[in-house]
Structures are given as C-alpha cells and as structure tokens.
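Here are my notes on the model you sent.

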Amino acid sequence: MIIIKTPEEIEKMKVAGKVLSDVHHELRNFIKPGVKTIEIDRFVEKYLKKRGAFPEQKGYEGYPYSICSSVNDEICHGFPSEYELKNGDIVTIDMVVNVDGWLADSAWSYEVGEVSEEAKKLLKTTREAMYKGIEKAVIGNRLGDIGHAIQSYVEPKGYSVVREFVGHGIGREMHEDPQVLHYGKPGRGIRITEGMVFTVEPMINAGAHDLTIDDNGWTARTKDGSLSAQYEHQIAITKDGPVIITDQGDC
C-alpha cells in the first residue's frame, strides 16, 4: 500500500533531508586518500548525534553500521572497514537519517583524490541519469517513465543498470511502497500522484549489470570487477513537480 504524505509530513521529512544534505557537504572535505571507511562511519554518526538525528539503518535487519560505504566495484551495502581510501578510488556513501521519526535517504558517489577519466565519466553519467529520472516524476506519469529515462540515457553510453536494487517509498519506515525500477518501458507501472514520496537511486556499472553478494550477506559488487556508481535523492510529488527532499543545493 502506498502511503500518501500530507504537505505537513513532507515538511518534516525536509528537516531530516537538510541534516542529510549537510552531512554530504561535510563529507566532500572529509573524504580523501588515507581516510579509512570506518572513520567515515564514525564521523557521520557523531555528526548526526550533534544535530539531534540518528542513523536509521544501523541495526536494520542486523546491519551494523551508520552508513554504507561502497568502493570501486562495490555496488551497494559496502561495510565500513579499516580499508584506507586510495588516490583514484571512488566511494559511494549511502545513509538514512531519522529526525523525530521522519526519514531522509540519499547516496552520493565521491572521487578520492585524482580519479581516472573513466571514473569521472561514470560518475557524471550516473548523476545525470538520476536527474533524468527525477524529471519524469510528475503527476500523471507512470513509474516506468522514470526507469526508462534512466536506462535510455546510460545504455547508449556503454553502461548498464543494476536490476536487483530499486528505489522505494519512504516516510516513517525506510522501505515503503512503491518500488521504483531504474529500467523498463515508458507508460508502464503505477501512476504517479500528488503526495507520493520515494527515492530515485540508480546504480550504474561501467561493465555488465550482473552482480555477486559477498560472504557478509550484504555487500553487492560487479561480477566482472568493473566500477559502479550510485546517486540517490528522495523526492516528494507535488502539483508543482517533484521536490527534492535531500537537495544539496550546489551539487
């Protein structure tokens, strides 16, 4: 069942979204060669506590960390660890922030030091694909229009869309209906209506879309070892178009 949000409830999610976007702004300077991904996790948890928020995914179905930190060929759900980021790495930081019971969810891929032109192109294309999908999130369109916009943008450039992970509704719960695929045909799926709140979060691989899951049961990585990137915003559907709850302003 899709839970339609009131304007007042959307405003409450915007509060969480502001904290989350501020965290990502802080990470732009924090993430650099030599930083361990577990240090990013600790930095985020400390920052959220200072802002009166907490990491919603910590403890979710046993997940032990405040963030997901996915490096290079890791698609999503990477565990923070003692791994030291190296010059040329790319790392995706994904987190869900809870403020007074209302949630905000956003992921962002970061360059570590000087990265290759291949990596820069992948990140740029993935970020642009997310916004292409968001543009289609208007009243009267269907969810399939979002996925089609993303898929038709990245595949001609030689990239692939991960199938196994999707966007989702969100509010007081981390995962609500509907599911939002990042591939598919236009004109298919549930019709988009005012008050829906969901994420658009394409995971794009430089190679094939096939993946494997690590022994920890969480971390997904590309089967062919190619780079993967992800960008995610949480949006609210209004009569004036999609509102990005996790907007970073100058991103």
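1. Contact here means heavy atoms within 4.5 Å. Of the contacts in the protein with a separation of 6 or more, 70% are between residues 24 or more positions apart.

2. This is a predicted model, in which local features need pLDDT of at least 70 and side-chain atom pairs count only at pLDDT 80 or more, while totals for chains, interfaces and linings use all residues. Residues are numbered from 1 along each chain as its sequence is written, and side-chain values use heavy atoms, with hydrogens and water left out.

3. The protein has four helices and 15 strands, taken as DSSP runs numbered from the N terminus (helices H or I, at least four residues; strands E, at least two). Buried residues make up 52% of the 251 residues, where buried means under 20% relative accessible area (1.4 Å probe, protein chains only).

4. A nonpolar core is a set of buried Ala, Val, Leu, Ile, Met, Phe, Trp, Tyr and Cys residues joined through side-chain atoms within 4.5 Å. The largest has 51 residues, and L27, I31, I40, I93, M95, I146 and F198 touch the most other members. Elements that give two or more residues to this core include α1 (7-30), α2 (37-50) and β4 (90-99). A second, separate core of 10 residues includes V96 and W102.

5. Leaving aside residues up to four places away in sequence, L27 touches I40, F43, V44, I93, M95 and Y110.

6. The buried residues of α2 are T37, I38, I40, D41, V44, Y47 and L48. Their cover includes α1, β1 (54-55), β2 (68-71) and β4. After α2 comes G52, with a positive phi near 75°.

Notes: Buried means under 20% relative accessible area, exposed over 50%, partly exposed in between (1.4 Å probe, protein chains only).
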